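This report concerns aromatic side chains and their surroundings in one protein model. The sequence and structure are shown first.

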Amino acid sequence: MQDFTFQNGTKIIFGKDQEKVVGQETVFYGKKVLLHYGGGSIKESGLYDRVVQSLQEQGVEIFELGGVKPNPRVRLVREGVNLCKENHIDLILAVGGGSVIDSAKAIAIGVNYDGDVWDFFTGNAPVTDCLPIGVVLTIPAAGSESSAGSVITNEEGAYKRAVGHETMRPKFAILNPVLTYTLPTYQTACGITDMMAHILERYFTNEKHVDLTDRLCEATLKTIINNAHTVLEDPTNYHARAEIMWAGTLAHNDLLSTGRIGDWGSHDIEHEISGIYDLAHGAGLAIIFPAWMKYVYKHDVKRFAQFANRVWDVEINLNDLEKTALAGIKKTEEFFSSIGMPVTLKEANIDDEHFEEMARKGTERGPLGNFVKLQEADVYNIYQLAK
């Protein structure tokens, strides 16, 4: 086990009607807030009105910036940075899912920076400061509500890049499972895939003697798997929605990372796909993760066999661990397909036109992943496996 320091400063407020306390939480950080959100769904559901009322009851002055899209764009982030600077904003309140929260984080790190916010995502500037961020979560998926990272897309060059820093963790996050009842089935499934991928990135490690976090990863995966079909078939099942929502947070708040080094190659490989094709991140991960598994499993057949046994209940064949490992990969692929996710690029209407470009761009800052270091040719081969 690796040495580690674990600290997550995000206050989680979980349960029914908890969005009504957002004003009380916000006022701790100031009286001017940027309300950041996506489309019109929060207004149609009445959530927008409840949030605004709670803020106004605490005397908070509200400035608004809507229009966040899936795979959030740096263009809107720049607009948000200028808005915050001009109005001396004290806190950014993200009401939405991972895209809205990531956009809010990007705005928050750009406010006290004189250069272009994209500099943080290219590695040309280090993050040193971040405006406080609050969250009302509507889509359990990305785990951005208590993570230290943000992923933003730059349409100029079709780049999708990430940056992270401890100061970027939201100060508070309000999680009400009832707010997820009206999510479209596809969006729910994308979220389930995304949170599973966050766990898998941590699970496949070269670090030995990480039994506790192995078990925590496995338990969280099984909880998601056991509740996935329930929320898809019975969207207003509060208890299943609550399990999924809390699992999504735990999947990416770094508790499952303690003592181990994760991989993250599959995320980087997928970012190239969604950066060009604007595919939902969860859908892209459902395609890439099984392909990555098929490409690297021989590196540690024993770990893949353990995954198959403990997560998918595949009986271990001690005389043929490879057979067990492959069965686990197949179960993973079948599960993604069963919840309506594409598991090949063809299913997502993506051909091989940009394979070489994506492999080159993905590795232009060096090889991807940690479990197995992936060079440009390896990434290209994984795209081929995903066809």
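A residue is called buried under 20% relative accessible area, exposed over 50% and partly exposed in between, with a 1.4 Å probe and protein chains only. By this rule Phe14 is partly exposed, because its relative accessibility is 31%. The model is a predicted one, in which local features need pLDDT of at least 70, side-chain atom pairs count only at pLDDT 80 or more, and totals for chains, interfaces and linings use all residues. Residues are numbered from 1 along each chain as its sequence is written, and side-chain values use heavy atoms, with hydrogens and water left out.

Phe14 belongs to strand E1; strands (E, at least two residues) and helices (H or I, at least four) are DSSP runs numbered from the N terminus. Leaving aside residues up to four places away in sequence, Phe14 touches Leu175, Pro177, Tyr238, Ala242, Met245 and Trp246, where contact means heavy atoms within 4.5 Å. A distance of 24 Å separates the C-alpha atoms of Phe14 and Thr258, which are 244 residues apart along the chain.

Tyr238 also takes part in a charge-ring arrangement: the charged end of Lys16 sits over its ring, 4.5 Å from the centre. Lys43 is placed likewise over the ring of Tyr48, with its charged end 4.9 Å from the ring centre. The criterion is NZ of Lys or CZ of Arg within 6 Å of the ring centre and within 35 degrees of the ring normal.

How many aromatic pairs does a search of the whole structure find? It finds 19. Rings of Phe, Tyr and Trp (its six-membered ring) pair if their centres lie within 6.5 Å; planes under 30 degrees apart are stacked, over 60 edge-to-face, and the rest tilted. Two of the pairs are tabulated.

| Pair | Centre to centre | Angle between planes | Class |
|---|---|---|---|
| Tyr113 and Phe120 | 4.7 Å | 50° | tilted |
| Phe289 and Trp292 | 5.5 Å | 75° | edge-to-face |

Within the tilted pair, Tyr113 is partly exposed at 22% relative accessible area, whereas Phe120 is buried at 5%. Phe289 and Trp292 both lie in helix H11 (residues 281-296), 3 residues apart, about one turn of the helix. Phe289 counts as buried because its relative accessibility is 1%, and Trp292 is likewise buried at 1%. Both residues belong to one aromatic cluster, which also includes Tyr203, Phe204, Tyr297, Phe304, Phe307 and Phe371.
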